[in-house]
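Please keep the sequence and the model in view while reading.

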Amino acid sequence: MSDPEPGKDREPGQRRVVLWRHGQTRWNVERRFQGKTDIPLDETGLQQAQRAARLLAALRPTALLTSPLQRASDTARALAAITGLPVAQDRDLVERDGGAWEGLTNQEIRERYPAEYAAWQPPGGETSAQVAKRVSAAIERALDDLPPTGLLVVASHGAALRLGMCGLLRLPEEHWDNLGGLANCCWSVLSERRSGKGWRLVEHNAGTLPEPVLSDDRAVNGA
């Protein structure tokens, strides 16, 4: 979904947050679970970040926060280069810890860990609830410092952002899989409710026409 006139229906004083997934990596293309492994953007990913940054700059962000993993931080720097905003980092925005799955392809995970794959629970890794809690907490900390009309851009990872978004929206865990994944360098936008109590989703997976999503996220790969 996309809004041709960003912010047109926004009430004065409402804060917004843009949850922006990093650009493409080689492991994305190979359908390898990246998790907390620090994989760089590939050439396509760098181009995606530059294109998306030009679009997001038009929203006039006031703060920029990123995961320290280079695929996210390099994505964030593309926007910083245009806006001049400083880039803050928060370790709690890193991707879901994939435990024994990191570096394996989706097919290898299915063959070696069929039960864990069905439950989408990597051995030695984080649960969905743990990811949702730490990522939403990191975003909320940054939002505490955002002025009433501010716009925070958070550059992070597919599973981390989707689960963190579920946490911010206070969705029951049984409904988390109803929210689809984010494609590389696409974003979702949350706006503060008029009451000032909580957030609502106003855009999801925006930035391109629909395309296949390559991600570590259950919403893409899980049963």
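Predicted model: local features only at pLDDT ≥ 70, side-chain atom pairs only at ≥ 80, totals over all residues.

Trp120 lies in the loop between helix H5, residues 114-119, and helix H6, and its phi is near 50°, a positive value in a residue other than glycine.

## Overall architecture

The protein chain has eight helices and six strands, and read from the N terminus on, these elements follow the order β-α-α-β-α-β-α-α-α-β-α-β-β-α. Of the 223 residues in the chain, 51% are buried, while the chain exposes about 10,200 Å², of which carbon and sulfur atoms supply 49%.

Which share of the contacts between residues at least 6 apart in sequence joins residues at least 24 apart? In the protein chain this share is 72%.

## The cavity and its lining

The structure holds one cavity of 30 Å³ or more, and the volume of the largest cavity is about 110 Å³. Its lining is made up of 14 residues, of which Arg31, Arg32, Ser215, Asp216 and Asn221 lie nearest the centre of the cavity. The elements that give two or more residues to this lining are helix H1 (26-29) and helix H4 (106-112). Sorted by class, the lining of the largest cavity has six nonpolar, five polar and three charged residues.

Arg31, one of the residues nearest the centre of that cavity, lies in the loop between H1 and helix H2 (43-57). Arg31 has a positive phi of about 55° although it is not a glycine, and because its relative accessible area is 40%, Arg31 is classed as partly exposed.

With 0% relative accessibility, Ile139 counts as buried. When its neighbours within four places in sequence are left aside, Ile139 is in contact with Val17, Leu19, Leu93, Leu152, Val154 and Leu168. Ile139 and Leu65, which are 74 residues apart in sequence, are separated by 8.6 Å in space, C-alpha to C-alpha.

Is Ser136 buried or exposed? Its relative accessibility is 8%, so Ser136 counts as buried. A polar atom of the Ser136 side chain lies 3.3 Å from the backbone oxygen of Lys133.

His204 is located in strand S6, which covers residues 199-206. Because its relative accessible area is 14%, His204 is classed as buried. Which residue has a side chain joined to that of His204 by a polar contact of 2.6 Å? The partner is Ser188, and the contact runs between the two side chains.

Methods
Residues numbered from 1 in each chain as written. Heavy atoms only, no water. 1 Å grid on protein atoms, 1.4 Å probe; cavity = no way out; pocket = protein on both sides within 12 Å on 5 of 7 lines; lining within 4 Å. Points joined across faces, edges and corners; volume = space filled by probe spheres on them. Helix = DSSP H or I, 4+ residues; strand = E, 2+ residues; numbered from the N terminus. Nonpolar A, V, L, I, M, F, W, Y, C, P; charged D, E, K, R; others polar. Buried < 20%, exposed > 50% of the residue type's maximum accessible area, 1.4 Å probe, protein only. Polar contact = N/O pair within 3.5 Å; in protein donor to acceptor, adjacent residues only side chain to side chain. Contact = heavy atoms within 4.5 Å. Areas by Shrake-Rupley, 256 points an atom, 1.4 Å probe, with all protein chains shown as cover.
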